[in-house]
Amino acid sequence: MSVADQPCYTLINVPMDAEPLSEMQLRQELEKGDAKSKIEALKKTIQMILNGEKMPSLLMTIIRFVMPMQDHTIKKLLLIFWEVVPKYTADGKLLQELILVCDAYRKDLQHPNEFIRGSTLRFLCKLKEPELVEPLMPAIRQCLEHRHSYVRRNAVLAIYTIYRNFDFLIQDAPELIANFLDGEQDMSCKRNAFMMLIHADQERALNYLSSCIDQVTSFGDILQLVIVELIYKVCHANPSERARFIRCIYNLLNSSSPAVRYEAAGTLVTLSNAPTAIKAAATCYIELIVKESDNNVKLIVLDRLIALKEVPVHEKVLQELVMDILRVLSAPDLEVRKKTLALALDLVTSRSIEEMVLVLKKEVVNTNNVEHEDTGKYRQLLVRTLHQCSVKFPNVATTIVPVLMEFLGDQNELAAADVLVFVREAVQRFEQLRVLIISKMLEVFPTIKSMKIHRAAMWILGEYCTSVEDIQLVMTLIRQSLGDIPIVDDEIKKAAGDIKDDEMQAGGAVQRLVTADGTYATQSAFSTTTPTKKEERPSLRQYLLDGEFFMGAALATTLTKLALRYINLIEDTKKQNAFVAESMLIMATIIHLGKSGLPTKPLTDDDLDRIAVCLRVLAEKTDLMHEIFNTDCRGSLSLMLAAKIDEEKAQQEAAQKKVVRVQADDPINFSQLFNRSDLGQGENLFELTLSQALGMSSKKESDPMGASKLNKVTQLTGFSDPVYAEAYVNVNQYDIVLDVLIVNQTSDTLQNLTLELATLGDLKLVEKPQPLTMAPHDFCNIKANVKVASTENGIIFGNIVYDVSGAASDRNCVVLNDIHIDIMDYIVPGDCTDTEFRQMWAEFEWENKVAVNTNILDLYQFLEHVMGTTNMKCLTPEKAISGNCGFMAANLYARSIFGEDVLANLSIEKPAHLGKDAPVQGHIRIRAKSQGMALSMGDKINLSQKKSGKN
């Protein structure tokens with residue numbers, strides 16, 4: 001139908017700035033030039049033929065003047081030339097000159113140089129003309145007996161290809177190769193011969209394997225891989241053969257090649273569900289992960305382990321291997337460690353939890369000695385895993401808590417925050433641990449370095465210290481952390497105490513310095529000593545002097561709770577009044593400090609109001625306030641934790657619902673009553689992986705009429721244009737394949753018809769489509785590959801240019817419509833914690849603010865609409881956005897397949913004064929690391945709003 005249908009195996013890049021030579025110039029170079037000139041001329045000829053030029057007159061020139069040469073480069077180029085050159089006349093007959101070529105290659109097949117023989121045999125695999133191959137068959141057979149393995153293995157491949165395409169030329173090929181295999185010693189030759197028998201005569205391949213099944217472990221890895229493939233195919237087609245070959249697969253699990261072990265483990269799992277088989281395969285996978293240095297290999301094999309865990313029958317077997325799986329934590333890569341911890345947490349049982357906790361505790365201790373960029377994140381992972389372990393198995397919490405509490409003084413604030421979340425949950429849920437947690441908290445409180453951690457730790461101490469001794473210890477700690485009070489008077493005294501009378505008279509300790517321009521400058525000792533004094537201040541005082549008065553408000557709340565509880569515990573009025581007075585003095589001194597002007601930032605009105613309320617509560621000491629401070633606060637925490645547990649349970653139930661169980665009315669399979677074809681275990685694994693690699697759908701078509709595919713067809717030209725074109729856009733991860741249908745709507749032959757494409761955005765055209773010649777009213781398909789590098793909206797545009805046969809006019813051009821690549825093909829919903837969201841929100845520099853302009857009347861409905869059109873997941877809990885108050889704020893998150901994060905904050909309202917029919921108002925703020933991502937996501941939301949507005 002067109003040039004595009006011709007078989008081609010070789011792709012050669014043509015430089016865009018290369019000057020095309022005329023046919024006459026090329027002939028002169030090929031006839032009279034030296035070897036170097038002939039090489040260049042031959043390269044130019046090949047490039048021009050690939051671009052659609054015929055050049056029939058050069059055929060005899062090359063046969064006469066180039067083929068007799070013995071130069072290896074020329075011989076290699078000639079193989080490419082004979083592959084791409086047109087071999088038929090206009091009426092479909094084979095060119096007579098090719099008989100001469102055939103004779104030349106017969107001589108090359110008998111050449112003493114093994115490279116020339118081997119490369120000629122490789123070339124013959126690409127020939128599609130039986131007339132050319134037939135005279136060469138005796139020479140090809142002789143090459144099977146050549147002394148060099150390179151020739152023999154290529155001879156096997158040539159025989160296999162010829163037998164597959166033209167079996168009448170060598171009908172005894174399976175027998176010939178089977179005899180060759182029996183006497184062959186070289187592994188690469190045996191591998192090629194065995195592979196041919198698998199596809200050409202499987203029975204012979206099985207007989208050979210049966211004869212040497214005990215020696216398989218001594219074979220080379222390339223042959224072992226083919227044996228694994230054969231065993232899988234045979235057992236998949238005929239399950240009764242499993243018993244015959246399963247021992248061989250077991251033996252290959254101990255192969256020296258990692259690739260063979262990986263394939264053997266995967267095959268073993270598909271062939272047998274026996275616990276011993278699953279355990280052997282899983283052990284093999286774990287060994288591969290531990291020993292392989294490549295992180296990509298580790299991740300791939302880990303995914304296979306995770307896939308094994310998804311099968312309920314296999315999960316019980318893997319639970320016994322939890323400790324082996326934890327050996328993978330020795331890998332330095334954070335992603336590997338993350339997946340390993342998640343897998344181990346899913347598999348851990350009450351029998352193995354104690355051992356697992358010991359390993360994790362050891363890893364936690366090790367992170368203190370290793371300084372690496374990911375050490376802090378790994379420590380966070382370990383803390384979270386230990387947290388989940390204690391929630392899942394409360395009996396181990398006693399051993400976990402002391403280790404984790406040490407992290408409160410950690411430099412990494414995120415790890416310390418995770419520990420605090422765990423401690424807060426543990427102290428609320430496990431009453432038996434409260435004494436241990438409080439004593440440990442009092443011990444590590446002075447070592448805490450972060451203000452946020454200090455504040456939260458103080459809240460826990462204020463909430464859960466119930467004994468008189470603990471309350472007094474907390475008060476002592478607070479006084480130590482504040483220093484002498486009143487703070488303002490103490491600071492003023494210290495500032496005044498630094499300046500002695502004799503220093504004032506002498507002008508201080510003055511040092512003469514020389515500046516850059518040569519003049520003298522003076523520096524007083526006061527300015528140099530101030531920083532050291534600042535560092536010596538107690539921690540809480542330092543926070544307050546830095547203007548962090550939220551800490552003061554939290555301290556006031558803690559003191560109020562402790563004082564109210566102390567009053568109930570102690571009957572002595574004198575002691576009661578003393579404790580309350582001390583608490584009120586601390587609060588008053590914080591207010592005094594905030595108003596004094598000494599801190600870097602003044603006391604805010606909110607913090608002032610909070611401290612004043614606490615002072616009033618302590619002054620009045622009513623029962624209502626006592627209940628609010630000492631009962632209701634804890635009640636709100638327990639409600640939050642209960643909601644969190646309910647959410648986790650719902651997620652677990654949703655995951656369990658995916659498990660397919662045997663239904664009561666399912667038919668019972670009796671192997672004796674089934675055909676062989678019915679016994680196969682579903683889809684062929686090799687075909688499945690191949691289809692996935694090619695981007696073909698491995699699932700059953702849920703859309704038999706192909707309606708969803710029709711939605712992806714873009715019309716590129718009008719129906720009245722001389723050339724009609726439309727494209728089907730298929731997005732396959734990092735590639736976009738354009739399948740363009742081109743129809744010649746004229747009665748003329750169109751020559752050199754070229755589809756010229758260009759891209760806008762982060763897209764790259766892989767190769768330029770080849771020119772075509774189209775008959776009148778003919779049609780053809782052209783495929784173009786586009787690589788995608790990042791997530792942003794891209795545009796593909798271009799035109800079709802062609803010549804009309806017999807016309808003297810200039811080239812004709814049809815401009816194509818633009819193809820817009822949808823960003824949503826690369827966006828998948830993601831999940832992250834609230835802390836991680838806030839951290840990313842602070843770090844990402846590109847923000848796009850989109851005003852809400854829609855006719856949707858319901859706030860929740862609008863949120864669902866945004867989530868549906870952007871593939872983003874709502875991180876705000878369901879309970880937080882439920883109800884109807886006329887306002888909604890929600891955080892959304894998604895990731896691209898390129899690892900880019902995109903965040904969104906939805907702030908919408910429905911003003912009550914505008915009535916029920918008023919649309920949703922507000923705005924959406926989008927943040928991303930790259931400008932393209934933020935803008936593209938904003939455009940997507942804007943477009944989807946307009947669509948909903950039309951509805």
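Leaving aside its neighbours within four places in sequence, which residues is tryptophan 82 in contact with? In this predicted model, tryptophan 82 touches Leu59, Ile62, Ile63, Met67, Lys87, Leu98, Val101, Tyr105 and Phe123, apart from residues within four places of it in sequence.

**Nonpolar cores**

- The largest nonpolar core has 209 residues, and the members that touch the most others are Trp82, Ile140 and Phe194.
- Helix H32 (residues 549-569) supplies the largest share of this core, with ten residues.
- Another core, of 31 residues, lies apart from it; among its members are Leu716, Leu755, Val804 and Tyr826.

- Helix H15 covers residues 258-271, and its 14 residues reach 20 Å from the first C-alpha to the last, close to the 20 Å expected at 1.5 Å a residue.
- H15 is mostly covered, with ten of its 14 residues buried.
- The buried residues of H15 are Val260, Arg261, Tyr262, Ala264, Ala265, Gly266, Thr267, Leu268, Val269 and Leu271.
- These buried residues of H15 pack against helices H13 (221-237), H14 (242-252), H16 (275-291), H17 (295-309) and H18 (312-319).
- Helix H22 (residues 375-392) has 18 residues, which at 1.5 Å a residue should span 26 Å; this agrees with the 26 Å between its end C-alpha atoms.
- H22 is largely enclosed by the rest of the structure, because 13 of its 18 residues are buried.

**Strand E16 and its partners**

- Strand E16 (residues 887-896) has seven of its ten residues buried, so the rest of the structure largely encloses it.
- Strand E13 (residues 827-829) runs antiparallel to E16 and is joined to it by three bridges; valine 828 has arginine 895 of E16 as its bridge partner.
- Strand E15 (residues 873-874) pairs with E16 over two bridges, also in the antiparallel sense; here cysteine 874 has leucine 892 of E16 as its bridge partner.
- Strand E17 (residues 901-909) is antiparallel to E16, with nine bridges between the two; asparagine 905 in E17 stands opposite asparagine 891.
- E16 and E17 make a hairpin with four residues between them, and glycine 899 in the turn has a positive phi of about 85°.

**Salt bridges**

- The structure holds 18 salt bridges.
- One of them joins glutamate 287 to arginine 327, with the closest N and O atoms 3.1 Å apart.
- Glutamate 287 belongs to helix H16 and arginine 327 to the loop between helix H19 (322-325) and helix H20 (334-347), so this pair ties together parts that are 40 residues apart in sequence.
- Both ends of this pair are partly exposed: the relative accessible area is 22% for glutamate 287 and 34% for arginine 327.
- Glutamate 310 and lysine 309 meet through their side chains in a salt bridge of 3.5 Å, N to O. Glutamate 310 counts as exposed at 51% relative accessibility, whereas lysine 309 counts as buried at 13%.
- Arginine 895, the bridge partner of valine 828 in E16, also forms a salt bridge with aspartate 901 (2.9 Å, N to O). Aspartate 901 counts as buried at 15% relative accessibility, and arginine 895 as partly exposed at 34%.
- A network of salt bridges links Asp103, Arg106 and Lys107.

Methods: Residues are numbered from 1 along each chain as its sequence is written. This is a predicted model: local features need pLDDT of at least 70, side-chain atom pairs count only at pLDDT 80 or more; totals for chains, interfaces and linings use all residues. Side-chain values use heavy atoms; hydrogens and water are left out. The expected span of a helix is 1.5 Å times one less than its number of residues. Buried means under 20% relative accessible area, exposed over 50%, partly exposed in between (1.4 Å probe, protein chains only). Two strands pair if DSSP finds at least two bridges between them. A nonpolar core is a set of buried Ala, Val, Leu, Ile, Met, Phe, Trp, Tyr and Cys residues joined through side-chain atoms within 4.5 Å. Contact means heavy atoms within 4.5 Å. A salt bridge is a side-chain nitrogen of Lys or Arg within 4 Å of a carboxyl oxygen of Asp or Glu.
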